[in-house]
Structure formats: structure tokens, C-alpha cells
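Biologist: Let us look at this model together. I will ask what the words rest on.

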Amino acid sequence: FFFCKQKTAYEIAQRLVGSEMCIRDRVSTQSTWDSQSLWQKKKQKRSRTKKPEKKEDKEEKEEEVKAEKFEYLGPKVKQDELVFGVCHIYATFNNTFIHVTDLSGRETYVRITGGMKVKSDREESSPYAAMQAAVDVAAKLRIVGVNALHMKLKGQGGAGSRTPGPGAQAALRALARNGLKIGRIEDVTPIPTDSTRMKGGRRGRRLQALTNIVILTQHLSLIHI
């Protein structure tokens, strides 16, 4: 300790301890760094050794995921077996209602209207709105397990129009195109045995076109005479 002659023993000891601590810290940091680098090297080796997945395996996994996502709530039946429901289509000139129930009519599977598919009021009864509603109905019925339908078409009836609206035929065709089997088709429009007085007055419904035709025929008959 020739270079520490003028310093006290306490200062020399403090300097030695400090130097030892520095060395210890360096060793610990170096060891942790070495362990991290080794772990990274092992990870790289593992990633290199992994075999690339085949296309067939990937497709199988994707199919399994899709099968898990698809929820099936219907009964367990054979592949070719038909599970029937009853589709009540109420088509007026204002809207089209598609209401699917079980055979008893007590339980509702799905109910969608044309007005739920379009924004403007005048398009609620259109064939396009009825088709869109039918597509949604078919998708819901697939989940429930219904693959065949008996159709019941209904117009306004009573004192109103007895013919179903423009959405009835479009809805029926759309359901058939979306993979649903169609059973019997029935018209259940309520026709009264006797009803309230129909509109049109005592002289009946008068059309301008008919009056024009009558006037023309009269003129022609006069010319021939």
C-alpha cells in the first residue's frame, strides 16, 4: 500500500469494498445477459426445426373452426330426413310478414317482415323486401334444424282485397331457392260468408277508362249507321 500512505485505513477499506461490489454487479449482469442470449438461440433453433404445415392440414383446421362457430340447435336427425315447419306469409299492399312456427303453431322459430329490410315506407311491400326477409328466415331455420316448410299464404281478406300482395310469390320462391323443401301450399285468406258493405256506393265502382270505351263504341256505331 505504498500509494495509500497518507490515507487512513477506513478509506482504504471503503475503496476495496466498493471495487468488489462493482466486480460483483458486472458478473451478475453479464450472467443474466448470457442466459438471455442462450434462451434466444434455443428459441431460434426450435423455430428452424419446426416443419411447415401442409395445405391440407390448414384446410382441415379451418373447417374445424367453422364447424365450432356454426351453432346447431335443432334435433338430431338423419341427413335425408325432413323436419317440417309451417310458414305463414301475410302479404298485403303495405307490408309482407314471414312467420315460421312448428306444426302446432304454438312455438315461433322466426318472424321477419319486409319493413325490417328496407328504409322507405313505399318499398315495404315490394318483392325485393320480401326476398331479403326470406333469405334471413332461411338462415335462421338452418340453425334451428328445419329444412322443409308447409306454406300458408294470406291476403288482407274480409272487406278488403282477397288477393295476396306482391311480396307473397317472391318470398315463396326465395325460400325454395335457399334450400328449403316446400310441402303443401294453402291460401288461408279470410273470406266472409257475409260482410260489411263494400266501398263503391250504390252505383258501384266506376272507371274512367270503361266510360271512355263505351263512348267510343257509341260513336263508332253512329258512324256505321
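**Terms and values**

Modeller: Of the 225 residues of the protein chain, 22% count as buried. This is a predicted model: local features need pLDDT of at least 70, side-chain atom pairs count only at pLDDT 80 or more, and totals for chains, interfaces and linings use all residues. Residues are numbered from 1 along each chain as its sequence is written, and side-chain values use heavy atoms, with hydrogens and water left out.

Biologist: What makes residues of α4 count as buried?

Modeller: Buried means under 20% relative accessible area, exposed over 50%, partly exposed in between (1.4 Å probe, protein chains only). In α4, Gly167, Ala168, Ala170, Ala171, Leu172, Ala174 and Leu175 are buried, so each falls under 20%. Their cover includes β1 (84–91), β2, α3, β4 and β5.

Biologist: Why are β3 and β5 said to stand at the edges?

Modeller: Two strands pair if DSSP finds at least two bridges between them. The open sheet has the order β3-β2-β1-β4-β5, with mixed pairing. β3 (108–113) and β5 (181–187) each have a single partner strand, so one side of each lacks a neighbour in the sheet.

Biologist: What makes β4 and β5 a pair?

Modeller: Five bridges join β4 (residues 148–154) to β5. At least two are needed, so they pair. The two strands run parallel. Glu186 of β5 is the bridge partner of Lys152.

Biologist: How do you know how α3 and α4 cross?

Modeller: Axes are lines fitted to C-alpha atoms, for helices over the stretch in contact, and angles run from 0 to 180 degrees between N-to-C directions. The axes of α3 and α4 (residues 167–177) come within 8 Å and cross at roughly 35 degrees. Contact means heavy atoms within 4.5 Å. On the α3 side, the contact is made by Pro127, Ala130, Met131, Ala134 and Val137, and on the α4 side by Gly167, Ala170, Ala171, Ala174 and Leu175.

Biologist: Why is one residue of that contact called polar?

Modeller: Ala, Val, Leu, Ile, Met, Phe, Trp, Tyr, Cys and Pro count as nonpolar, Asp, Glu, Lys and Arg as charged, and the others, Gly among them, as polar. The contact has nine nonpolar residues, one polar and no charged. Gly167 is in the contact, so Gly167 is the polar one.

Conventions: Helix = DSSP H or I, 4+ residues; strand = E, 2+ residues; numbered from the N terminus.
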